[in-house]
Amino acid sequence: MQNNLKPYWPIGTVYGALLNFKREWDLRAPQMSEAPHKGAPKAPVLFIKTANTFTASGDSIAIPANVPEVDVGANLAWVFGADARVVACVLVNDVSIPHESYYRPPVKFKCVDGFLGVSAKCKPVAEVQTDALVLTVKVNGHTVQSVSYADTVRASQKLFADISEFMTFQEGDVLLLGSDCLPDGKRPRAKVGDVVEISAPGFESLVNEFVGEAA
Amino acid sequence: MKHARIAWTGAVHEAVESNGELLLTHSPWAGKRLKFDEVVWLPPMAPVQQARTILALGLNYADHAKELAFKAPEEPLVFVKGEASLIGHKALTRRPQGVTHMHYECELAVVIGRTAKHVKKENAYDYVGGYTVANDYAIRDYLENWYRPNFRVKNRDTCTPIGPWLVDAKDIHDVYGSPMNLSLQTTVNGKVTQSGHTSDMIFDVPTLIEYFSAFMTLQPGDLILTGTPDGVVNCEVGDVIVTCIEGVGDLINTLGE
């Protein structure tokens, strides 16, 4: 599927799962029955990271001029091969303009040019214990978050099964398995000049510097 | 010119419309003429190297927003679709068993023609490659108020028929002045159920291109589905739904299970 000498680059549609960590779910649970949601989500809540968002590890990510800081969304992602079978795992940074409301689709917050850091190397899925993996997020060398995939609402196979009920992953498609929040419900933030590193045991780290938008 | 992509005798071909027939344009069948019912119709856009961006508008006609009991949005209500939801003209779209409300949405689809970033409204048509018709089905049984309209409603396999033609932007601009001057109509089993006009869009095509390209770079082959007017009704298995846009095409779809 990919040449090992060339850095990994997504060719399919990149899907992401929202609210897939228990901490964020529990923090929001008391308000889920209220307007505008009027009930907890039943199916997985999904979004797409469009192709204009992809940024290679080592390249910089521009923060729009009117945005003081962005959310860092450290994710383990699955990469699909033929017959909707997961073949590989990769680390990504689902960057977002911070937004409180999950009512309307987050296109203007999540589909900004450059807003998906993508590690250069995939790992065969057979070598990864997806639901036990722990990611470490560092900003300027300081650890700001530890993300454990033991803490998800839907474990990876369950998430995959619930999405596959209504859509079929194509070869090259990617599924972000979720990003956790901090105890205050927010995600780690990055501002212009920060260097964000996402790492996990056995994975090549994903590093991106955040820069100001070119005039 | 009206362009199509078709499957015929074991291969995919490019074709154009010519005197009520398909005219194949590439070797080894360049010049070959085929009847419309001799081929399998595929989505008409040329393949792209990585998955195309498909933006779709909700509530972009004032009457439809009213029909669904929403006030008109102050900025475009947009969601993104995966390329795998697309299917061609005369295809079968799957209606899940047991659902109570599945409706079509006849939409003008804009196909981007050149890389668009920070485009101003007044230049927006320079970035349009062509137009086609999309039928952006929704299954209301699955609506949830989380990133609404949610993927279970809007990103289902086979649920976005598109085509039959990719019509060059210039043809529409020359004949109609702009894409904001086209009538839309849907029939179900021959009966008219939806009538509208692109002039009633809340955010017109140039406004949408300016809005999106302000924060996301659009590439050739990317799509903007511009929303649907009033008049959506539930359809059942076996129904034949024809979504028509003046000058662009009549897109036929049948519901199956």
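Strand β8 (residues 86-87) of chain B runs parallel to β14(B), and 2 bridges link them. Strands here are DSSP runs of E with at least two residues, numbered from the N terminus, while helices are runs of H or I with at least four. Two strands pair if DSSP finds at least two bridges between them. Within this pair, Leu86(B) faces Thr160(B) of β14(B). This is a predicted model, in which local features need pLDDT of at least 70, side-chain atom pairs count only at pLDDT 80 or more, and totals for chains, interfaces and linings use all residues. Residues are numbered from 1 along each chain as its sequence is written, and chains are lettered from A and ligands numbered from 1 in the order in which they are written.

Stay with β14(B). Strand β12 (residues 128-135) of chain B pairs with β14(B) in the antiparallel sense, over 4 bridges. There, Gly130(B) has Asp168(B) as its bridge partner. Strand β1 (residues 2-8) of chain B is also antiparallel to β14(B), joined by 2 bridges. Lys2(B) is partnered with Val167(B) in that pairing. Strands of a sheet pair through backbone hydrogen bonds, either parallel or antiparallel.

How enclosed is β14(B)? Of the 9 residues of this strand (residues 160-168), 8 are buried, so the rest of the structure largely encloses β14(B). A residue is buried if 20 or more other C-beta atoms lie within 10 Å of its own, exposed if 12 or fewer, and partly exposed in between, with C-beta atoms placed from the backbone.

Now step back to the domains. Chain B splits into domain 1 (1-42) and domain 2 (45-256). Those bounds come from an automatic or database domain assignment. The C-alpha centres of the two domains of chain B are 24 Å apart. Across the boundary, 7 residues of domain 1 of chain B are in contact with 10 residues of domain 2 of chain B. Contact means that the C-beta atoms of two residues, placed from the backbone, lie within 7 Å. On the domain 1 side, β1 and β5 (40-42) of chain B each supply at least two residues. β1(B) gives the most, with 3 residues. By class, that side has 4 nonpolar, 1 polar and 2 charged residues. Ala, Val, Leu, Ile, Met, Phe, Trp, Tyr, Cys and Pro count as nonpolar, Asp, Glu, Lys and Arg as charged, and the others, Gly among them, as polar.

Leu42(B) sits in β5 of chain B. Leu42(B) is buried, with 21 other C-beta atoms within 10 Å. Beyond its neighbours within four places in sequence, Leu42(B) is in contact with Arg5(B), Ile6(B), Ala7(B), Val12(B) and Gly88(B). Leu42(B) and Val110(B) are 68 residues apart in sequence, and their C-alpha atoms are 17 Å apart.

Next, look at Leu108(B), in strand β11 (residues 106-112) of chain B. Leu108(B) is buried, with 24 other C-beta atoms within 10 Å. Leaving aside neighbours within four places in sequence, its contacts include Tyr131(B), Pro179(B) and Ile245(B). Leu108(B) and Ala134(B) are 26 residues apart along the chain, with 6.3 Å between their C-alpha atoms.

What lies at the centre of the contacts in the largest nonpolar core? Ala77(A), Val90(A), Ala109(B) and Val110(B) have the most contacts inside this core of 133 residues. Both domain 1 (1-42) and domain 2 (45-256) of chain B give residues to the core, so it lies between them. A nonpolar core is a set of buried Ala, Val, Leu, Ile, Met, Phe, Trp, Tyr and Cys residues joined through C-beta atoms within 7 Å. Apart from neighbours within four places in sequence, Ala77(A) is in contact with residues including Cys89(A), Val90(A) and Leu176(A).

The contact between the chains takes 33 residues from chain A and 25 residues from chain B. On the chain A side, β2 (45-49) and α2 (107-110) of chain A give two or more residues each. β2(A) gives the most, with 4 residues. This side of chain A has 21 nonpolar, 7 polar and 5 charged residues.

Finish in chain A, with an open sheet of 5 strands in the order β4-β15-β14-β10-β11 and mixed pairing. β4 (61-63) and β11 (142-148) of chain A are at the edges with a single partner strand each, so one side of each has no neighbour in the sheet. β4(A) runs parallel to strand β15 (residues 206-212) of chain A, joined by 3 bridges. Ala62(A) stands opposite Val211(A) in β15(A).
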